[in-house]
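Have the model open on your screen and follow along.

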Amino acid sequence: MIDFFTLEQCRKDKHVLELKIKILEFAIHQSEKIIAESLMDSYSLIFLRRRIAESQQDLEVLYLIKHDHDELN
């Protein structure tokens, strides 16, 4: 979950927002790649999938903020 400070910085600064979006997209992609290529135990897979789901939710929030930024311009 994204902390309050980060959300506020993303609302204030479009560059911070874009960077955070890129970081989350990269992390999700790499995590999915790890899952596809590995023979992890079920506990680790569940943990990683849960983290991916949380990151995707955070990414959706950031996309909404980006949409608001785009509407203002």
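A helix here is a DSSP run of H or I at least four residues long, numbered from the N terminus (strands are E runs of at least two). With that in hand, find His69, which sits in helix H3. Before going on, know that this is a predicted model, where local features need pLDDT of at least 70, side-chain atom pairs count only at pLDDT 80 or more, and totals for chains, interfaces and linings use all residues. Residues are numbered from 1 along each chain as its sequence is written, and side-chain values use heavy atoms, with hydrogens and water left out.

Is His69 buried or exposed? Its relative accessibility is 15%, so His69 counts as buried (buried means under 20% relative accessible area, exposed over 50%, partly exposed in between, with a 1.4 Å probe and protein chains only). Skipping neighbours within four places in sequence, His69 is in contact with Cys10, Arg11, Lys14 and Leu17, where contact means heavy atoms within 4.5 Å.

Now look at how the helices pack. H1 (residues 4-12) and H3 (residues 42-72) have axes that come within 9 Å and cross at roughly 25°. Axes are lines fitted to C-alpha atoms, for helices over the stretch in contact, and angles run from 0 to 180 degrees between N-to-C directions. H1 and H3 are therefore roughly parallel to each other: that label covers angles under 35 degrees, while over 145 is roughly antiparallel, 65 to 115 roughly perpendicular and the rest oblique. Which residues in H1 and H3 meet? On the H1 side they are Leu7, Cys10 and Arg11, and on the H3 side Val61, Leu62, Ile65 and His69.

H1 packs against H2 at an angle of about 120°, with the axes 5 Å apart. That makes H1 oblique to H2. Here Thr6, Gln9, Cys10 and Lys12 in H1 meet Lys14, Val16, Leu17 and Lys20 in H2.

Finally, head for the inside. A nonpolar core is a set of buried Ala, Val, Leu, Ile, Met, Phe, Trp, Tyr and Cys residues joined through side-chain atoms within 4.5 Å. The largest one has 14 residues, and Leu7, Leu17, Ile21, Ile35, Leu59, Leu62 and Ile65 touch the most other members. H1, H2 (14-37) and H3 each supply at least two residues of this core, with H3 giving the largest share, 6 residues. Take Ile65: not counting residues up to four places away in sequence, Ile65 touches Leu7, Cys10, Arg11 and Leu17.
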